[in-house]
Amino acid sequence: MPSARDRVLDAYETLLIEQGPASATLEAVAAAAEVSKGGLLYHFGSKEALAEGLLQRLRERSAADVEHMRGNPDGAVAYYLQTSVPGAASPVGLTRTYLAALRIADGSTTGEATRRALADVDAQGLTALRTEIPDPVLSWLVQLVGDGLYLRTLTGAPLTGDVGVDALVARLRELLISIPRG
């Protein structure tokens, strides 16, 4: 069973994703986590501290996800794109935590810190992609393709066309191999 702290963060993520930041009051988070408000306040003394806890979780999950990217037998590019498509998710929970953080990125009290954390996560992902694609422009293009796939996840839209992510990865590999190094 997850710790009370993890249950609170899980509940916070769920409320942010499903109902938005206005619904993620301390009382609602405590109720959804099945802890008392005092139990929530023991771990997170304020709503700002709760947001900071979410951002810390985001950073931790990002670091774990980068390790999965680097250790994936199919390569960092395949891992990144396969975990960006609708219905897929990072095995360490990064997809969900990233989505929850996006929901508070425009908040007046947590917005700047959230945007910095999201930028750090994106930079870590790009660094991991560069282990497979040293060219900074090409690695960024692959990241942008993944961002587009992730946008489909956010909106609930299916992939369009008749090309799956495996074909996309294969074609990107062909293109990367054909580009002269130098």
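The backbone oxygen of G93 lies 3.3 Å from a polar atom of the R61 side chain. The R61 side chain also reaches the backbone oxygen of V92, at 3.2 Å. Each is a polar contact, that is, a pair of N or O atoms within 3.5 Å; within protein, one atom must be able to donate a hydrogen and the other to accept it, and residues adjacent in sequence count only if both atoms are side-chain atoms.

The model is predicted: local features need pLDDT of at least 70 and side-chain atom pairs count only at pLDDT 80 or more, while totals for chains, interfaces and linings use all residues. Residues are numbered from 1 along each chain as its sequence is written, and side-chain values use heavy atoms, with hydrogens and water left out.

R61 is found in helix α4, which covers residues 47-71. Helices here are DSSP runs (H or I, at least four residues), as strands are (E, at least two), and both are numbered from the N terminus. With a relative accessible area of 18%, R61 is buried. Buried means under 20% relative accessible area, exposed means over 50%, and partly exposed lies in between, using a 1.4 Å probe and protein chains only. Leaving aside residues up to four places away in sequence, R61 touches D10, E13, V92, G93, L94 and T97; such contact means heavy atoms within 4.5 Å.

R61 also belongs to a network of salt bridges that links D6, D10, E13, R57, R61 and R96. A salt bridge is a side-chain nitrogen of Lys or Arg within 4 Å of a carboxyl oxygen of Asp or Glu. Between R96 and E13, the closest N and O atoms of the salt bridge are 3.1 Å apart. R96 lies in helix α6 (residues 94-103) and E13 in helix α1 (residues 4-19), so this pair ties together parts that are 83 residues apart in sequence. How accessible are the two partners, R96 and E13? R96 counts as partly exposed, at 33% relative accessibility, whereas E13 is buried, with a relative accessible area of 0%.

How many salt bridges does a search of the whole structure find? The search finds eleven. One of the pairs is K37 with E27, where the closest N and O atoms are 2.6 Å apart. K37 sits in helix α3 (residues 37-43) and E27 in helix α2 (residues 26-33), ten residues apart, and the pair links distant parts of the chain. Both partners are partly exposed: K37 has a relative accessible area of 35%, and E27 has one of 45%.

Another salt bridge joins E112 and R116, with the closest N and O atoms 3.7 Å apart. Because these two residues are four residues apart in helix α7 (residues 111-130), about one helical turn separates E112 from R116. E112 is partly exposed at 43% relative accessibility, and R116 is partly exposed at 47%.

Back in helix α4, there is also E52. E52 is partly exposed, with a relative accessible area of 40%. E52 and A113 are 61 residues apart in sequence, yet their C-alpha atoms are 8.3 Å apart in space.

The last point comes from a record. An unreviewed UniProt entry lists residues 2-62 as "domain: HTH tetR-type". UniProt positions are given in the numbering used here, feature names are shortened, and annotations may be inferred rather than shown by experiment. In the model, the span of residues 2-62 is 77% helix and 0% strand, and its end C-alpha atoms lie 20 Å apart.
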